[in-house]
There are 2 protein chains.
Amino acid sequence: MPSIDVCFSPYLLPLYPLEGKIAVAVDVLRATSSMVTALANGVAHIVPVSELHECLTYKDRNYLVAAERDGIKADGFDLGNSPFHYLEDEVKGRFLAITTTNGTQAINLSRAADEVLVGAMLNVGAVANYLIKAGKDVVVVCAGWKGIFNLEDTLFAGALADRLSGQFDLNHDATLAAHQLYTTNKTDLLGFLSKSSHVQRLERLHILPDIEFCLQEDKYKVVPVLQGDFLVPVELT
Amino acid sequence: MPSIDVCFSPYLLPLYPLEGKIAVAVDVLRATSSMVTALANGVAHIVPVSELHECLTYKDRNYLVAAERDGIKADGFDLGNSPFHYLEDEVKGRFLAITTTNGTQAINLSRAADEVLVGAMLNVGAVANYLIKAGKDVVVVCAGWKGIFNLEDTLFAGALADRLSGQFDLNHDATLAAHQLYTTNKTDLLGFLSKSSHVQRLERLHILPDIEFCLQEDKYKVVPVLQGDFLVPVELT
């Protein structure tokens, strides 16, 4: 039976050999939620970029460019990190280059894996179905907040473990913790998160509607899969 | 109000500035449980040492020397890592030098803090009382298993947060997670831990009695406090 493990911070990735496994990169608030929303709404592909200046170079190649630093849109970019930006008609059919404080780094640091997927509450069931079909060991790579453990990425890992229960071993300590935190709080994820100083900081940026949007489970069926430099949408039939 | 934060792995310590704070190093299974037991039973002081060869040099200075690697006593040492070793009469009044796979490193990596305490379930209430009296911000430094997140150190952090509730801010994400995991499982900590592949590995070493011993809360009132190179017993009256 394959297993699912959870890496709570990119700083811990050296302890998680990824070869032969599938990595699921997650930054629920809000990078990977925005990426899933974008691909579900017709963006053709996404280039996840670590640095602002590199991201901006894509503007000349007819990409939409998106950037967030410390929770707000960076100057000179078309879009920020709110999933609502990616519900607009103007994104359909476009290419997107995006850099964020935490999420794009988690994706790029996961490249040692056989495959890299992008997960969010919005597509957690679709990611689970993809993983069940693949049958390989899984590592959830939580972006955290500047490397520090955060609850929302942990709750995603727990929700994913819950979907994989019975078909994957959940007995790594991090997985057991994430799974119990999810099952204990699944009827009121927002209430649990609201105790967090990190989420209180995000709320001061007036993004409560974003947070509520990002906590919806299974809104989309698309799984962003990294192919070379591009995240492309895959939808299992 | 001071705060309590939790660092789930020594690998994450660069993200936790310790200056001005009190660090509580923990390795419930079994290094810090053994240290607390030793000082509660009359060991005069303990030198936590990172390397085997350094630890062995203390033998010539009339120290008891203790060493554990990968769960078992290392060759040439007087004692291993079982708390039962430290209940014997022969340890009373002796000096002890000890090195373990995870616990002694967590202590030595915490030295940037204003003070370093050693915590275990066995003395969690005493540690809480010490921290309440000190009134400084606290970081729990979990040893983990070779740096990887583990449940037992997390449950200690949650138990400590529970004792500090109302007098310390618990709203860091790691603290909220640890606290909820503890409160959900406090009536059956062993049952929860038994799901863990890490604890199953320890059980294969036939140390279930050790595990049960280490999960007892508030058995001892002693707080090991690092003074220079020595952990000395402090008992608040």
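1. Val139(A) lies in strand β8 of chain A, which covers residues 138–142; strands here are DSSP runs of E with at least two residues, helices are runs of H or I with at least four residues, and both are numbered from the N terminus. Val139(A) is buried, since 24 other C-beta atoms lie within 10 Å, where buried stands for 20 or more other C-beta atoms within 10 Å of a residue's own, exposed for 12 or fewer, and partly exposed for what falls in between, with C-beta atoms placed from the backbone. The residues that Val139(A) touches, leaving aside those up to four places away in sequence, are Asp5(A), Cys7(A), Tyr16(A), Leu18(A), Lys21(A) and Ala23(A); contact is taken as C-beta atoms, placed from the backbone, within 7 Å. With Asp5(A) the separation is 134 residues in sequence, against 4.8 Å in space from C-alpha to C-alpha.

2. On provenance, this is a predicted model, in which local features need pLDDT of at least 70 and side-chain atom pairs count only at pLDDT 80 or more, while totals for chains, interfaces and linings use all residues. Residues are numbered from 1 along each chain as its sequence is written, and chains are lettered from A and ligands numbered from 1 in the order in which they are written.

3. As to the relation between the chains, chain A can be laid on chain B by a turn of 180° with a shift of 0.0 Å along the axis, giving an RMSD of 0.0 Å, the superposition being by least squares on the C-alpha atoms of residues with pLDDT of at least 70 in both copies. The two copies are therefore related as by a two-fold rotation axis. The same surface serves both of them, in that 100% of the contact residues of chain A recur in chain B.

4. How many residues of each chain take part in the contact between chain A and chain B? There are 24 residues of chain A in contact with 24 residues of chain B. On the side of chain A, the elements that give two or more residues are α5 (151–164), α6 and α8 (197–204), and α6(A) gives the most, with seven residues. By class, that side has 11 nonpolar, 11 polar and two charged residues, where Ala, Val, Leu, Ile, Met, Phe, Trp, Tyr, Cys and Pro count as nonpolar, Asp, Glu, Lys and Arg as charged, and the others, Gly among them, as polar.

5. Helix α6 of chain A and helix α6 of chain B, each spanning residues 173–185, pack at an angle of about 80° with their axes 10 Å apart; axes are lines fitted to C-alpha atoms, for helices over the stretch in contact, and angles run from 0 to 180 degrees between N-to-C directions. That makes α6(A) roughly perpendicular to α6(B), on a scale where under 35 degrees counts as roughly parallel, over 145 as roughly antiparallel, 65 to 115 as roughly perpendicular and the rest as oblique. Ala177(A), Gln180(A), Leu181(A) and Thr184(A) meet Ala177(B), Gln180(B), Leu181(B) and Thr184(B), and the residues of this contact divide into four nonpolar, four polar and no charged.

6. Leu15(B) counts as partly exposed, with 15 C-beta neighbours inside 10 Å, and Leu15(B) touches Tyr11(A), Gly147(A) and Ile148(A), not counting residues up to four places away in sequence.

7. The largest nonpolar core holds 185 residues, and those that touch the most other members are Val24(A), Val140(A), Leu160(A), Val24(B), Val140(B) and Leu160(B); such a core is a set of buried Ala, Val, Leu, Ile, Met, Phe, Trp, Tyr and Cys residues joined through C-beta atoms within 7 Å. Among the residues that Val24(A) touches are Leu117(A), Val127(A), Val140(A) and Leu160(A).

8. Some backbone features deserve a check. The peptide bond between Leu29(A) and Arg30(A) is cis, with omega about 5°, and Arg30(A) is placed in the loop between β2 (22–26) and α1 (31–40) of chain A; the bond from Leu29(B) to Arg30(B) is also cis, with omega near 5°. Asn62(A), although not a glycine, has a positive phi of about 70°, and Asn62(A) is exposed, with 8 other C-beta atoms within 10 Å.

Definitions and conventions
Two residues are in contact if their C-beta atoms, placed from the backbone, lie within 7 Å.
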